[in-house]
Amino acid sequence: MGAGSSTLGADGECGETSLGDMPESCVAAVLLYLDPPEICQVARLNRAFRDAASADCVWAGKLPANYRYLAALAAAADDECHGDGDANDKRFFLSATKKEIYARLCRPTFFDSGKKEFWIQKNKGGLCMCISSKVMTITGIDDRRYWSHLPTEKSRFHTVAYLQQIWWLEVDGELEFCFPAGSYSVYFHLHMGRPYRRMGRRLCATEHVHGWDVTPTRFQLLTSDEQQATSEYYLHEQGGWKLYYVGDFDISNSDELVKLKFSMMQIDCTHTKGGLCVDSVFIYPEGYKPEKANIVRNSACNSADSVVYLQQAERGGSSNWNG
């Protein structure tokens, strides 16, 4: 019957059915087709929807397939933050509902001494990651003639590496992680010029920016199961943080530990280059564009010699993976 249909009650009086009369199981079956923010919104309708919106059967399909692995990392990070003697967070994950676990995983979790971070998207549950330049191997990073560390609110790790001038640049990083099954895109988060603030305004000093328009900078990606990607760009866009697209990789097994290597290099020693800020590497679900993000892809390469190349290597073929 419709929500406004009349029925005869037990006492002979006419009553009306409403959304609140729907069985919780029927409501839950409908909520399965909604995204998490929509589920939270309809939970305000009445008690039946509120109870159904908290059911584990509704949230089980929203969580990543390997959410137990992610929850264990989050619990370890929370314990480290609160001290080894505090077991409240471990008990939380043992007794928490799937909705509560989802809410916790949506909050950033720092690991590897706070130099790496992951979280899941609130609307789709896709896994996102950020790896700080602090855990990358960078040519000459400890030599103050070449590099300095700048504080900035634009970095999730609060500081970035700023290159003044160098002949040979190579930035290498790696990650070992269990990703939920799916496709992912890798980006380098870079800034041309030295960002600073004056009188509350964001400004950019460009006196050290040079050498990036002579030879393209190469970005590479390699996984332990021999997926490879290479992109090349002339870094000429000054001012503003940009995500430089490296390539994509696929995960078929959510329980398999995958090793990932990524790098950027500009090793033409016929000229120096400088004025570059290196912040981090981002990993997002394929097709996801962060709000207000400035993503640079192959269209930014305005030279016939610039290449954006993505290759899925054959299984069992040769590989440069040594880890």
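The model is predicted, and local features are given only where pLDDT is at least 70, side-chain atom pairs count only at pLDDT 80 or more, and totals for chains, interfaces and linings use all residues. Residues are numbered from 1 along each chain as its sequence is written, and side-chain values use heavy atoms, with hydrogens and water left out.

His189 sits in strand β10, which covers residues 182–192; strands here are DSSP runs of E with at least two residues, numbered from the N terminus. With a relative accessible area of 10%, His189 is buried, a word used for values under 20%, whereas exposed stands for over 50% and partly exposed for what lies in between (1.4 Å probe, protein chains only). The His189 side chain makes a polar contact of 2.7 Å with the side chain of Asp279, where a polar contact is a pair of N or O atoms within 3.5 Å, one able to donate a hydrogen and the other to accept it, and residues adjacent in sequence count only if both atoms are side-chain atoms. Leaving aside neighbours within four places in sequence, the residues in contact with His189 include Lys154, Trp241, Cys277 and Phe282, contact meaning heavy atoms within 4.5 Å.

The largest nonpolar core holds 73 residues, and Leu175, Phe179, Phe188 and Ile283 have the most contacts inside it; such a core is a set of buried Ala, Val, Leu, Ile, Met, Phe, Trp, Tyr and Cys residues joined through side-chain atoms within 4.5 Å. Apart from this core lies another, of five residues, with Leu150, Val160, Tyr162 and Cys277 among them.

On the surface, Trp167, Trp168 and Ile267 form a nonpolar patch with about 310 Å² of accessible area together; patch residues have over 30% relative accessible area and no salt bridge, and nonpolar side chains (Val, Leu, Ile, Met, Phe, Trp, Tyr) are joined within 5 Å. Trp168 belongs to the loop between β8 (159–163) and β9 (169–177).

Most residues other than glycine have a negative phi. Asp112, which is not a glycine, has a positive phi of about 55°, and Ser113, also not a glycine, has a positive phi of about 60°. Asp112 lies in the loop between β3 (109–111) and β4 (116–120), and Ser113 has its place in the loop between β3 and β4.

| Residue | Relative accessibility | Class |
|---|---|---|
| Trp168 | 38% | partly exposed |
| Asp112 | 38% | partly exposed |
| Ser113 | 64% | exposed |

Note on methods:
Helix = DSSP H or I, 4+ residues; strand = E, 2+ residues; numbered from the N terminus. Patch = residues over 30% accessible without salt bridge, like charges linked within 9 Å, V, L, I, M, F, W, Y side chains within 5 Å. Areas by Shrake-Rupley, 256 points an atom, 1.4 Å probe, with all protein chains shown as cover. Salt bridge = Lys/Arg side-chain N within 4 Å of Asp/Glu carboxyl O.
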